Amino acid sequence: MIDQTKSIVILTGAGISAESGIDTFRDAGGLWEQHKVEDVATPEGFARDPDLVLGFYDMRRAALEQVEPNAAHRALARLEREFDGDLLLITQNVDDLHERGGSGQVLHMHGELKSALCLSCEMRSPWNAPMIDRPQCPICQAPSLRPDVVWFGEMPYQMERIYTALSGCDLFVSIGTSGAVYPAAGFVQEARASGARTLELNLEPSEGSHHFTQSRHGPASVLVPQWVDQTLD
Ligand code: BJW
């Protein structure tokens with residue numbers, strides 16, 4: 001496979017971190033069963049009840065200390081090291097497990113738990129502490145920090161770079177995502193329109209499974225290392 005493959009774009013979602021112990025959003029028992037999405041993942045919810053939202057993200061940021069990357073994160077890091085071509089790893093996840101698994105270049109299109117966005121100066125800063133007590137922005141000192149994550153109705157990060165990569169890739173691989181949230185759910189069609197092969201690796205067929213030229217179903221910790229081995233062979 002790798003002989004003709006010069007450029008790979010990979011999209012990951014919550015399913016790749018599930019076996020590390022991080023809840024997905026839409027599976028049974030997932031985050032959206034425990035919390036109302038419109039309360040904790042929209043700008044309107046934040047304006048209505050900032051304490052609820054800051055507490056929700058403080059809890060998830062603190063939980064990162066209890067989890068470790070799994071074999072799927074590590075396999076993608078190996079691919080980055082050993083693949084002799086262009087690789088763009090895009091994640092919808094706000095956790096840091098790709099980085100801790102060894103990936104050096106990760107595009108977090110929905111932001112990061114360990115980053116703060118200042119509503120006053122609009123700058124982003126590395127952040128690994130609670131926000132509930134309204135700490136000061138490290139840049140402008142205003143007590144106006146919010147989680148640096150992308151909520152519904154907001155523009156995901158680096159879309160221009162993503163669409164450029166999708167239009168030039170020859171393989172698009174989607175891992176552990178339900179295909180329920182746009183624009184990420186539309187990446188497979190963008191890549192296909194440019195002639196790329198497309199592969200889904202997911203526990204079960206996603207909502208957009210029929211758009212992929214190939215699908216493999218099972219746990220990411222098994223499927224991803226297998227696929228990386230085959231790709232680098
Ligand atoms: C396993 C596994 C294992 C489990 N192994 N697999 C109608 C049409 C089109 C768009 C819209 C529309 N109406 C509204 C919109 C826009 C809206 C949207 O998509 N809404 C949908 C509800 C329809 N989108 C937006 O508002 C976005 N912004 C936007 O569109 O801006 C305008 C724009 C225009 C043009 C170009 C570009 C932009 C913003 C979306 C922001 C999403 N934010 C969240 C929260 C982030 C912060 C946080 O983490 O709290 O992002 S919501 C949540 O969903 C989070 C995730 O990144 C995202 C996707 O979830 P994911 O990762 O797919 O998780 P799950 O739980 O859904 O699925 C897990 C999968 O893993 C499952 O399939 C399992 O089977 C599998 N799995 N264990 C392998 N071991």
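Predicted model: local features only at pLDDT ≥ 70, side-chain atom pairs only at ≥ 80, totals over all residues.
Q: Where does Pro-183 lie?
A: Pro-183 is in the loop between strand E7 (171-175) and helix H9 (187-193).

Q: OK. What is the peptide bond from Tyr-182 to Pro-183, cis or trans?
A: That bond is cis, with omega near 5°. In general, most peptide bonds are trans.

Q: What about Tyr-182 and the ligand, how far apart are the atoms there?
A: A backbone N or O atom of Tyr-182 sits 2.7 Å from an oxygen atom of the ligand. The protein as a whole covers 77% of the 1,500 Å² of accessible area that the ligand has on its own.

Q: Which other backbone atoms lie by a ligand oxygen?
A: Ala-14 has a polar backbone atom 2.8 Å from an oxygen atom of the ligand. For Gly-176, a backbone N or O atom is 3.3 Å from a ligand oxygen.

Q: How many residues are around the ligand, and which come nearest?
A: There are 36 residues around the ligand, and Arg-26, Tyr-57, Arg-60, Thr-177 and Ser-178 come nearest.

Q: How does that shell divide into nonpolar, polar and charged?
A: The shell has 19 nonpolar residues, 11 polar ones and six charged ones.

Q: And which helices each supply at least two residues of the shell?
A: Helix H1 (15-18) and helix H5 (50-63) each do that.

Q: Back to Ser-178. Where is that one?
A: Ser-178 lies in the loop between E7 and H9, which is also where Pro-183 is found.

Q: Is Ser-178 buried, exposed or partly exposed, and why?
A: Ser-178 counts as partly exposed because its relative accessibility is 28%, and that class runs between 20% and 50%.

Q: What does Ser-178 touch?
A: Leaving out residues up to four places away in sequence, Ser-178 touches Arg-26, Ser-206, Glu-207 and Gly-208. The C-alpha atoms of Ser-178 and Ala-14 are separated by 8.6 Å, with the two residues 164 apart along the chain.

Q: New topic: which residues touch the most other members of the largest nonpolar core?
A: Those are Tyr-57, Met-131, Leu-145 and Trp-151, in a core of 21 residues. The elements giving two or more residues to this core are H5, strand E4 (111-118) and strand E6 (145-149). H5 has the largest share, with four residues.

Q: What does Leu-145 touch?
A: Beyond residues up to four places away in sequence, Leu-145 touches a list of residues including Leu-54, Ala-116, Trp-127, Met-131 and Cys-137. Another core of 20 residues lies apart from this largest one, and its members include Ile-8, Leu-89, Leu-171 and Val-224.

Q: Thr-12 next. Where is it, and is it buried or exposed?
A: Thr-12 lies in strand E1 (residues 7-12). Thr-12 is buried because its relative accessible area is 0%, and the cut-off for buried is under 20%.

Q: What polar contact does the side chain of Thr-24 make?
A: The Thr-24 side chain makes a polar contact with the side chain of Asp-27, at 2.6 Å.

Q: What about Gln-158, what is its phi?
A: Gln-158 has a positive phi of about 55°, although it is not a glycine. Gln-158 is in the loop between E6 and helix H8 (159-168).

Q: Last one: where is Ala-142, and what does it touch?
A: Ala-142 lies in the loop between strand E5 (124-126) and E6. Apart from residues up to four places away in sequence, Ala-142 touches Ser-120, Pro-135, Gln-136 and Cys-137. Ala-142 is buried, with a relative accessible area of 14%.

Technical notes
Residues numbered from 1 in each chain as written. Heavy atoms only, no water. Near = heavy atom within 4 Å. Polar contact = N/O pair within 3.5 Å; in protein donor to acceptor, adjacent residues only side chain to side chain. Areas by Shrake-Rupley, 256 points an atom, 1.4 Å probe, with all protein chains shown as cover. Nonpolar A, V, L, I, M, F, W, Y, C, P; charged D, E, K, R; others polar. Core = buried A, V, L, I, M, F, W, Y, C linked by side-chain atoms within 4.5 Å. Buried < 20%, exposed > 50% of the residue type's maximum accessible area, 1.4 Å probe, protein only. Contact = heavy atoms within 4.5 Å.
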